[in-house]
Amino acid sequence: QSDESNQGSEIIQKLPDKYIVYLGTIQPRKNVIGLIEAFTQLKLDHPELPHKLVIAGGMGWKTESTLEKMKSNSDVIYLGHIADEDRWPMLKHASLYVLPSFYEGFGMPILEAFQMHTPVATSNISSMPEVAGDAAIYFDPNNISDIKRAMQSVLFDSSLADSLRSKGEQRLKLFSWHNCGQGTLNILNK
C-alpha cells in the first residue's frame, strides 16, 4: 500500500481493489439507475470481472428507486456523501469514472477524473462532449447496452485506457486557470 492510502480516511480504505466510480448527486437526471443496470449486465456477461461499482454522492430528490436498485446488487457499494479530500484518492484508484447523466451544466467531475489520470466514459449529450473532447468514451445515456459497451471497452482494453488517460491530461490543459485568464484578457483587449 502507498503512503497515501495508509493516510486515507476510513472510506478510502474500504474501497475494493478494482472498481468503477460514479461521483455526484443522486437524482433522476444523473441516470444512476441506468448505470447500475448497465453494470449489472456487464457483470452477468463477464462474471470473471473483479470490479465493483462505487457510487458516492449526496441524495438529491426522487431517490427511492435508485436506493432500491443499489441495495439489490451486492456488487454496488454506496458510500453516501464523501468529504472533498476523499474525492481525489477515490478517483485516482478507480479503473474508470462514468458520468451517465441525461443533462449536465458543465461536467466538472470529468475534469477531476482527468486530473487523477482516470479514464472517463460519459453521455454523448449536453455539455459532456464539449468538456471531454476526444479524451472520453461516449455512450447514449438512454441505451443500457451502449453504457455497458463503453464500460467494457475501457476495462478490457488497457491500451485504450492508457490512451484516454493521456488524452485526458492534454485536455485538462485547455481548462487551466491560466488559459481561462488569458482567454478573458484576449476578449477584454479586443
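Analyst: Here is the sheet, strand by strand, and then its surroundings.

This is a predicted model: local features need pLDDT of at least 70, side-chain atom pairs count only at pLDDT 80 or more, and totals for chains, interfaces and linings use all residues. Residues are numbered from 1 along each chain as its sequence is written, and side-chain values use heavy atoms, with hydrogens and water left out.

Start with the layout. Six strands form an open sheet in the order β3-β2-β1-β4-β5-β6, and the pairing is parallel. Strands (E, at least two residues) and helices (H or I, at least four) are DSSP runs, numbered from the N terminus. Two strands pair if DSSP finds at least two bridges between them. β3 (76-80) and β6 (137-139) stand at the edges with a single partner strand each, so one side of each has no neighbour in the sheet. From one strand to the next, the twist averages 20°.

Now look at β4. Strand β1 (residues 19-23) pairs with β4 (residues 96-99) in the parallel sense over two bridges. Here Ile20 stands opposite Leu96. Helix α5 (residues 84-92) packs on the sheet and touches β1, β2 (52-56), β3 and β4. Touching, or contact, means heavy atoms within 4.5 Å. The direction of α5 makes about 145° with that of β1. For such angles, axes are lines fitted to C-alpha atoms, for helices over the stretch in contact, and the angles run from 0 to 180 degrees between N-to-C directions.

β4 also pairs with strand β5 (residues 120-123), in the parallel sense and over three bridges. Leu99 stands opposite Thr122 of β5. The chain crosses from β4 through α6 to β5, and this β-α-β crossover is right-handed. That means the path from the first strand over the helix to the second runs clockwise, with the strands pointing away from the viewer.

What about the faces of β4? In a regular strand the side chains alternate between the two faces of the sheet. In β4, Leu96 and Val98 lie on one side, Tyr97 and Leu99 on the other, and all are buried. Buried means under 20% relative accessible area, exposed over 50%, and partly exposed in between (1.4 Å probe, protein chains only).

Next, the core. The largest nonpolar core has 50 residues. Such a core is a set of buried Ala, Val, Leu, Ile, Met, Phe, Trp, Tyr and Cys residues joined through side-chain atoms within 4.5 Å. Ile55, Met90 and Met151 have the most contacts inside it. Helix α3 (residues 32-45) gives the largest share, six residues.

At 31% relative accessibility, Glu37 counts as partly exposed. Leaving aside neighbours within four places in sequence, Glu37 is in contact with Lys69 and Ile144. The C-alpha atoms of Glu37 and Ile147 are separated by 9.1 Å, yet these residues are 110 apart along the chain.
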